[in-house]
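Student: I have a model to go through. Can we take the terms one by one and test each against its definition?

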2 protein chains.
Amino acid sequence: MPTPTAKSEATRELLVSTALRLFREIGYEKTTMRAIATAANVSTGSAYYYFASKDDLVHELYRSLQEEHRSRALPLLREGQNLGELLKVVLNTGIDVMGPYHDFGSNFISIAIRPSATTSPFGSESAVARARAISLFRQAVGLSRPQPPLAIRDDLPELLWYAYMAVTLFWVYDSSPHQERTRRLIDRAAPLISRLVILSRLPVVRKIVEDIVQLIHGTRQ
Amino acid sequence: MPTPTAKSEATRELLVSTALRLFREIGYEKTTMRAIATAANVSTGSAYYYFASKDDLVHELYRSLQEEHRSRALPLLREGQNLGELLKVVLNTGIDVMGPYHDFGSNFISIAIRPSATTSPFGSESAVARARAISLFRQAVGLSRPQPPLAIRDDLPELLWYAYMAVTLFWVYDSSPHQERTRRLIDRAAPLISRLVILSRLPVVRKIVEDIVQLIHGTRQ
DNA sequence: ACCCGGATTTGAACGCGTTCAACACGGTGC
DNA sequence: GCACCGTGTTGAACGCGTTCAAATCCGGGT
């Protein structure tokens with residue numbers, strides 16, 4: 001039999017699933033807190049008992065998307081591919097997953113950027129989520145052959161995640177049909193990034209790459 | 001005597017200056033449209049007659065900051081300096097100018113990112129403003145000695161502007177006193193960027209740089 | 001059975017950005 | 001002088017996110 005905690009958890013989950021469904025079906029703006037609450041058969045006050053803000057519910061969407069991204073991308077990564085191919089897979093599956101929410105438009109980034117209350121983008125609260133996202137790129141890097149130079153192997157996943165954020169920004173503003181320009185960008189940029197990584201083996205290049213990595217470390221805290 | 005157009009223009013300017021003052025003095029959230037209108041001795045409806053949204057008034061702030069940035073940076077740029085020094089100047093004056101608005105926090109970027117109605121960040125409406133911002137970097141590039149390689153000279157200003165956007169993002173989330181971490185980032189990153197540019201003279205590097213430039217051109221439209 | 005206290009729920013109310021129908025102003029043509 | 005009309009101006013009203021005091025639920029101690 002369900003303990004009180006379990007019932008509460010059920011309400012919470014119902015709110016999340018209702019919110020995500022409405023986000024998908026009618027978009028961000030039309031999905032009001034009142035609409036979510038009504039569709040979940042609770043009062044608006046109750047919705048706020050479980051989630052401090054509408055943004056928090058959007059962050060639930062992000063979490064969900066991220067998990068789906070991971071579960072779609074991982075099976076497609078095969079050891080021995082070069083980094084460019086693996087990158088294409090990860091970036092393209094990412095765009096696949098976000099597809100239904102393209103008309104969130106700039107809200108998609110706006111909200112992600114906002115450190116509203118608990119959940120921020122680069123802050124400590126979402127550090128967990130970010131680490132999990134980066135770990136997907138770590139997988140890709142780990143499976144790639146040839147392996148990237150040691151000097152950057154550890155930091156490459158994070159850098160690739162930043163590249164992914166940039167691609168997402170591009171995608172948000174991509175008004176071409178089915179966002180095909182973003183697809184082209186990915187297919188062309190991925191091999192370039194792969195070549196850049198290889199290039200970092202050259203002594204002269206390596207020197208500066210090491211300095212860049214050091215700058216990142218120095219800036220991290 | 002003022003023509004009707006002139007009087008209208010005066011009201012508009014009064015609203016802008018009032019809004020910018022309030023933004024500076026009491027921050028983004030407390031500066032409500034009602035507060036702006038009241039302080040300017042007009043009704044809220046009138047404020048909306050001149051500006052379609054509160055975001056539009058924030059975009060006025062951006063425009064103003066950008067002009068001040070330009071007029072502070074340009075006199076400090078001297079021909080013959082290397083790119084790293086010039087970059088430091090442009091980035092640091094940029095941060096100087098934005099300083100008073102640091103507690104806008106993520107709104108600073110959120111709103112810039114939003115393509116709300118007329119004014120967007122990467123859209124055609126703000127293309128003018130963006131071009132003007134990029135031209136500041138074009139000045140810096142033009143004055144730098146040695147001159148950057150021809151292969152990237154034309155596109156470098158735009159790339160540097162993207163770097164500036166990244167620095168701004170970092171600044172927004174920089175909670176160190178006086179955002180000194182951002183200063184350190186600038187002082188260390190600027191020379192690195194300069195070295196990267198020089199590096200692009202190497203034949204192997206040049207090849208990939210040309211491909212990157214081509215990707216940018218191909219993606220532009 | 002009863003009551004207590006925390007967990008949960010409610011719906012009214014607040015402040016905000018925004019909209020809009022109605023109105024005031026002021027110059028133009030007669 | 002007057003009617004006209006486009007340019008401003010107004011304040012009430014709407015819908016939204018959010019808050020909160022009060023009500024309700026419910027398991028455990030007596």
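Tutor: Start with the polar contact: a pair of N or O atoms within 3.5 Å; within protein, one must be able to donate a hydrogen and the other to accept it, and residues adjacent in sequence count only if both atoms are side-chain atoms. The model is predicted, so local features need pLDDT of at least 70 and side-chain atom pairs 80 or more, while totals for chains, interfaces and linings use all residues. Residues are numbered from 1 along each chain, chains are lettered from A and ligands numbered from 1 as written, and side-chain values use heavy atoms without hydrogens or water.

Student: Which atom of Lys54(B) is 2.7 Å from a phosphate oxygen of DNA strand C?

Tutor: A polar backbone atom of Lys54(B).

Student: Why is Glu60(A) with Arg12(A) called a salt bridge?

Tutor: The term needs a side-chain nitrogen of Lys or Arg within 4 Å of a carboxyl oxygen of Asp or Glu. Here the closest N and O atoms are 3.0 Å apart, so the pair qualifies.

Student: How many salt bridges does the rule find across the interface of domain 1 and domain 2 of chain A?

Tutor: One. The domains are 1-51 and 54-220, with bounds from an automatic or database domain assignment.
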